[in-house]
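Biologist: I have a structure open and want to learn how to read it. Can we go through it feature by feature?

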Amino acid sequence: MKSNQKGITLSALVITIIVLLILAGITIGTLSGDNGILKRAAQAKYMQQIGETKDLISMKVYEAATEFYNEKYVNGEASENTIGAAIKDALTTAAGDGSFPSATVTVTETEITIAPKADSTKTTKATFDGTTTG
């Protein structure tokens, strides 16, 4: 007598479910662990915003220095302003007019603070001499 039953056994079903649960656990651990993909992606976004802002600050510093030396040596205009003060003024203006789209930049007499919008609790600070003569 032939048995014509088709289907899977209960043990095969249980083993399949266990394998799927193990794979799901590994996937969740990879995504959300201490060194997971999501945490590294957030850190990469933070580092990208810091880097972008540093590049923009460097560009503003070079522009201000070029303008200062152009006025002083090419145009012969005597300025009471020092190069450090000219750079500080340019950075303060840029910080106020939204020139840094991915971070909040604060400029004081001796310090630049960068707070990226990805995580504004983490800040990067740089010090400078706003009185440097040129």
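Biologist: In which helix is glutamine 49 found?

Modeller: Glutamine 49 is found in helix α2. Keep in mind that this is a predicted model.

Biologist: Is glutamine 49 buried or exposed?

Modeller: Buried means under 20% relative accessible area. Glutamine 49 has 9%, so it is buried.

Biologist: Which residues does glutamine 49 touch, leaving out those up to four places away in sequence?

Modeller: Glutamine 49 touches Ser102, Pro116, Lys117 and Ala118.

Biologist: And lysine 72: where does it lie?

Modeller: Lysine 72 lies in helix α2. Its relative accessibility is 33%, so lysine 72 counts as partly exposed. Now try a distance. Lysine 72 and methionine 59 are 13 residues apart in sequence. From C-alpha to C-alpha, they are 20 Å apart in space.

Biologist: How do I describe two packed helices?

Modeller: Give the angle between their axes and the distance between the axes. Here, take helix α2, residues 37-74, and helix α3, residues 83-96. Their axes come within 9 Å and cross at roughly 135°. That makes α2 oblique to α3. The crossing is right-handed.

Biologist: Which residues of α2 and α3 meet?

Modeller: From α2 come Ile57, Lys60, Val61, Ala64, Ala65, Phe68 and Tyr69. From α3 come Ile83, Ala86, Ile87, Ala90, Leu91 and Ala94.

Biologist: How many residues of that contact are nonpolar, polar or charged?

Modeller: The contact of α2 with α3 has 12 nonpolar residues, no polar ones and 1 charged.

Biologist: Now the strands. What should I know about side chains in a regular strand?

Modeller: They alternate between the two faces of the sheet. Next, look at which strands pair here. Strand β1, residues 103-107, is joined to β2 by 5 bridges. The two run antiparallel. A hairpin of 3 residues joins β1 to β2.

Biologist: Which residue in β2 is the bridge partner of threonine 104?

Modeller: Alanine 115 is the partner of threonine 104.

Biologist: How many bridges does β2 form with strand β3?

Modeller: β2 and β3, residues 124-127, pair over 4 bridges, again in the antiparallel sense. Glutamate 111 stands opposite threonine 127 in β3.

Note on methods: Residues numbered from 1 in each chain as written. Predicted model: local features only at pLDDT ≥ 70, side-chain atom pairs only at ≥ 80, totals over all residues. Heavy atoms only, no water. Axes fitted to C-alpha atoms, helices over the stretch in contact; angles between N-to-C directions. Parallel < 35°, antiparallel > 145°, perpendicular 65-115°, else oblique. Left-handed = near helix turned anticlockwise from the far one by under 90°. Contact = heavy atoms within 4.5 Å. Nonpolar A, V, L, I, M, F, W, Y, C, P; charged D, E, K, R; others polar. Pairing = 2+ DSSP bridges. Buried < 20%, exposed > 50% of the residue type's maximum accessible area, 1.4 Å probe, protein only.
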